Amino acid sequence: MWLTNSSVGRKVVMSVTGLFLVLFVTFHALMNAVAIVSFGAYDKICEFLGANWYAVLGTAVIAGGMMVHIIYAFWLTYQNRKARGNDRYAISKNWKSVSWASQNMLVLGIIVFCFMVLHLIQFWAKMQVPELLGEHVMNGKFYLQAVFSQVWVLPVYLIGFAAIWFHITHGFWSAFQTLGVANDKWICRWRSIACAWATIVFVLFAVEAIYFTWFFAC
């Protein structure tokens, strides 16, 4: 199959799943912002996204997209290193023109993955899983307090948000380039959009984490 047997096909899969995850992360940042305005409204959203069939389906789709993205990331990295052989140890003349993020996308991805596992353990495993098992769970505000009242959470979350910022700044425009919608004129525009988008997401997440820490821990 073209999407698995060719390098271009694998990059297309990486691009599509990556853009999908960017949209999910953006939605998550916007959803969390509701809690700053009203914990009651945030609880309503959490209740809406509880154990309903569409929430379960959405979770399955997101999890599937994430796993495919991760598997293909390791697959492409392995294939690229195998193809380059000993040349990967040579110093490129154009290394200064390559962004730090593009050189460390796999490492950044691993950091983001570890951060998301931590986040899932702290929230999803304690909120949606009990709902799926038919158990009553406390409101979203309770879990925000349980997590952000711990002083170590804020610095760890900020590191995770920074990794997401770097990952999006490169992955966003690179995805459009792979999909063939980033010519010489548009590539600079996509880079700017990627930087702006990643910055907005980072600022939203950072402000939320700082606010929750201040509200619950101080």
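This is a predicted model: local features need pLDDT of at least 70, side-chain atom pairs count only at pLDDT 80 or more; totals for chains, interfaces and linings use all residues.
Residues are numbered from 1 along each chain as its sequence is written, and side-chain values use heavy atoms, with hydrogens and water left out.

On the overall fold, the chain has nine helices and zero strands, where helices (H or I, at least four residues) and strands (E, at least two) are DSSP runs numbered from the N terminus. Of the 218 residues in the chain, 36% are buried, buried meaning under 20% relative accessible area, exposed over 50%, and partly exposed in between, with a 1.4 Å probe and protein chains only. If we take contacts, that is, heavy atoms within 4.5 Å, between residues at least 6 apart in sequence, 76% of them join residues at least 24 apart. The accessible surface of the chain, computed by the Shrake-Rupley method with a 1.4 Å probe, comes to about 13100 Å², and 70% of that belongs to carbon and sulfur atoms.

Now to the interior. A nonpolar core here is a set of buried Ala, Val, Leu, Ile, Met, Phe, Trp, Tyr and Cys residues joined through side-chain atoms within 4.5 Å. The largest such core has 41 residues, and the members that touch the most others are Phe-123, Leu-144, Phe-148, Tyr-157, Phe-172 and Phe-212. Two or more residues are given to this core by each of H2 (7-37), H3 (39-48), H6 (105-132), H7 (140-148), H8 (153-178) and H9 (186-217), and the largest share, 11 residues, comes from H8. Apart from this core lies another, of five residues, among them Val-13, Met-14, Tyr-72 and Ala-73.

Which residues does Leu-144 touch, not counting those up to four places away in sequence? They are Ala-35, Phe-39, Tyr-42, Phe-123, Ser-149, Phe-212 and Phe-216.

H3 and H7 pack at an angle of about 105 degrees with their axes 8 Å apart, the axes being lines fitted to C-alpha atoms over the stretch in contact, with angles from 0 to 180 degrees between N-to-C directions. H3 is therefore roughly perpendicular to H7, a label that covers 65 to 115 degrees. In this contact, Phe-39, Tyr-42, Asp-43 and Cys-46 of H3 meet Gly-140, Lys-141 and Leu-144 of H7, and the residues divide into four nonpolar, one polar and two charged. For these classes, Ala, Val, Leu, Ile, Met, Phe, Trp, Tyr, Cys and Pro count as nonpolar, Asp, Glu, Lys and Arg as charged, and the others, Gly among them, as polar.

H2 and H3, in turn, pack at about 145 degrees, with axes 6 Å apart. Met-31, Asn-32, Val-34, Ala-35 and Val-37 of H2 make this contact with Phe-39, Ala-41, Tyr-42 and Ile-45 of H3, which by class gives eight nonpolar, one polar and no charged residues.

Finally, two single residues. Phe-39, in helix H3, is buried, with a relative accessible area of 14%, and, leaving aside neighbours within four places in sequence, Phe-39 is in contact with Lys-141, Leu-144, Phe-212, Phe-215 and Phe-216. His-170, in helix H8, counts as buried at 14% relative accessibility, and its contacts, with the neighbours within four places again left aside, are Ser-99, Ala-101, Ser-102 and Met-105.

Definitions and conventions. Angles under 35 degrees count as roughly parallel, over 145 as roughly antiparallel, 65 to 115 as roughly perpendicular and the rest as oblique.
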